[in-house]
Amino acid sequence: MKRWIESDISDKRQEQDRTMITLAITGASGSQYGLRLLQLLAREKMTVYCLFSTASKVVMETEFDATFPKTDSSIPSFLEKRLDCSLDTVRFPTENDWFSAVASGSSAPKQMVVCPCSMGTLSAIACGASNNLIERAADVVLKENGKLILVPRETPLSTIHLSNMLTLSQYGATILPAMPSFYSNPKTIDDLLDTVVQRILDHIVLPIRVSRPWG
Ligand SMILES: Cc1cc2nc3c(=O)[nH]c(=O)nc-3n(C[C@H](O)[C@H](O)[C@H](O)COP(=O)(O)O)c2cc1C
């Protein structure tokens, strides 16, 4: 009987692990990658903990030519309009919401994507700073041996950037740079974005196809 209950709990946990994810959008250029990913995860009805760094909001205003909401409570409706999809399975913890599920190994999703990932956040994760909820959530995923996918964007890369990426790769993170590919013959910017987003989806093992595979 006890064994049945234990295996039931473990099945439930595995199912949750597959359908829960943390997505952090930081202040590197290319917030479109992160928002497209959010749209696809929300359409799949995944439970998404979506975290925005303060700098990401400045970058979004610059890249979208739109004013990002000043109040946290307005973010969901703003994004629902922008992404043209329901975000009712998405939660938006704030930067200092230390009681959010993502801040503790006992309840955090086992997978997290930081997309795009700034060099600032990358270095903070590499040294375990945990000074805001994004850094803490990434630290939790690493300590729980979960899947941490970092999508860095910067060019050129300094020795410090490269060294931080090597460190994180050695700690088990996947470094998946925002480097679009051209072999699928993309016609629009959205097509180009999807070449990167598709690689992220491949790594979180979500059976969605938005870009033509190699070969
Ligand atoms: C329009 C804009 C574009 C930026 N692009 C990048 C970038 O591509 N890569 C990067 O590492 N930082 C970039 N930055 C700088 C980061 O936003 C800055 O270092 C910030 O402190 C990162 O904070 P965060 O990691 O908490 O988001 C950009 C800033 C702005 C305003």
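Strand 4 (residues 111-117) and strand 5 pair in the parallel sense over five bridges; two strands count as paired if DSSP finds at least two bridges between them. Helices (H or I, at least four residues) and strands (E, at least two) are DSSP runs, numbered from the N terminus. The model is predicted: local features need pLDDT of at least 70, side-chain atom pairs count only at pLDDT 80 or more, and totals for chains, interfaces and linings use all residues. Residues are numbered from 1 along each chain as its sequence is written, and side-chain values use heavy atoms, with hydrogens and water left out.

**The sheet**

Val 114 has Leu 150 of strand 5 as its bridge partner. Leu 150 is in turn bridged to Ile 175 in strand 6. Strand 5 (residues 147-152) and strand 6 run parallel and are joined by two bridges. Five of the six residues of strand 5 are buried, so that this strand is mostly covered; buried means under 20% relative accessible area, exposed over 50%, and partly exposed in between (1.4 Å probe, protein chains only). The open sheet as a whole has six strands in the order 3-2-1-4-5-6, with parallel pairing. Its edge strands, each pairing on one side only, are strand 3 (90-91) and strand 6 (174-175). In general, strands of a sheet pair through backbone hydrogen bonds, either parallel or antiparallel.

**The ligand site**

The shell around the ligand includes Thr 26, Gly 27, Ser 29, Met 119, Thr 121, Arg 153 and Glu 154; a residue belongs to it if one of its heavy atoms lies within 4 Å of the ligand. Helix 3 (54-64) and helix 5 (119-126) each supply at least two residues of this shell. By class, the shell has four nonpolar, six polar and two charged residues. Ala, Val, Leu, Ile, Met, Phe, Trp, Tyr, Cys and Pro count as nonpolar, Asp, Glu, Lys and Arg as charged, and the others, Gly among them, as polar.

| Residue and N or O atom | Ligand atom and distance |
|---|---|
| Ser 29, backbone | oxygen, 3.0 Å |
| Thr 121, side chain | oxygen, 2.5 Å |
| Arg 153, backbone | nitrogen, 2.7 Å |

The protein covers 64% of the 640 Å² of accessible area that the ligand has on its own, by the Shrake-Rupley method with a 1.4 Å probe.

**Ser 211**

Ser 211 lies in the segment after helix 8 (189-203). Ser 211 is classed as buried because its relative accessible area is 10%. Beyond its neighbours within four places in sequence, Ser 211 is in contact (heavy atoms within 4.5 Å) with Ser 184, Asp 194, Thr 195 and Gln 198.

Definitions and conventions. A polar contact is a pair of N or O atoms within 3.5 Å; within protein, one must be able to donate a hydrogen and the other to accept it, and residues adjacent in sequence count only if both atoms are side-chain atoms.
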